[in-house]
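Here is a short note for a first look at this model. Please read the points with the structure open.

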Amino acid sequence: MRLELSGDDSVIVWLTRIDKGNALSFALMDKLIDLAHLLSTWMDVRAVILAGEGKSFSTGIDLADLNNPKNLKQVAWELIKPFQSKFQKVCLVWRELPMPVISVLHGHCLGAGLQLALATDIRIATADCQFAIMEAKWGLVADMGLTQSAMGVLRADIVKELAMTARIFDGQQAFDYGVVSHLSDTPMEVAKNLVAELSSRSPDAVLASKRITNAMYHTPATTLYQEKLWQIKLLLGQNRKLAVKKAKDETVKFIGRQFN
């Protein structure tokens, strides 16, 4: 991760795990959460831009970390603890920042990467950027704050369709769905121009607009609990194991639904 001071009193947060497609490792999640908390105390920062170095914004969660037996206890605790998990906080913390957060998206914006982007205030992407809510492919459910970040951004039927199918879609489709705010061949340039426009307004008025708009689509914290509860069920179920096998062998068949 790299922090860059930019024009108009803004900062750019760069994801720099280029060799891993900017996959979100557990360590990177901790760093992003800590940085967001720090940025919330910087009273002179007018906007934050979140972007990825290399060929992609983010290819999702780091599966090597997620599937590492050494991390099993940590994952279990994150799912059962009675407040936001690390996986939810790394996304939702950007919604709480007292300044606009703009994500610049290119290459791939998959799974955890898409949930991170959805938690930003404005999303600017290239038309060929690839998007997906990937969790269903692995027999899981999106559990990184999607129940809050997608509210007011996407229609419920669109969320259901994308989450249920794990379908990959491009930037133009993302724009049509409402996943992204703007399309551009030069998304960073567009982001910086928007920052310049925002910086011409009172920072308190900008903050108030962010807060009241988020309040329009407030969802109770119990939705985050539901994300974790269903993830636990799926992890314990047989179809999760079959989904992992099916990702490598399309002939694998699922058993009947185990839950109601």
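1. Buried means under 20% relative accessible area, exposed over 50%, and partly exposed in between (1.4 Å probe, protein chains only). Strands (E, at least two residues) and helices (H or I, at least four) are DSSP runs, numbered from the N terminus. This is a predicted model: local features need pLDDT of at least 70, side-chain atom pairs count only at pLDDT 80 or more, and totals for chains, interfaces and linings use all residues. Residues are numbered from 1 along each chain as its sequence is written, and side-chain values use heavy atoms, without hydrogens and water.

2. Start with strand S4 (residues 101–105). Five of its five residues are buried, so the strand is largely enclosed by the rest of the structure. Val101, Ser103 and Leu105 cover one side, Ile102 and Val104 the other.

3. Next, the neighbours of S4. Strands pair if DSSP finds at least two bridges between them. S3 (residues 47–52) runs parallel to S4, joined by three bridges. Isoleucine 49 has isoleucine 102 as its bridge partner in S4. S6 (residues 122–125) is also parallel to S4, with four bridges. There, alanine 125 partners leucine 105.

4. Now the domains. An automatic or database domain assignment sets the bounds: domain 1 is 2–197 and domain 2 is 202–247.

5. One salt bridge crosses the interface of domain 1 and domain 2. The term means a side-chain nitrogen of Lys or Arg within 4 Å of a carboxyl oxygen of Asp or Glu. Aspartate 121 and lysine 210 form a salt bridge through their side chains (2.9 Å, N to O).
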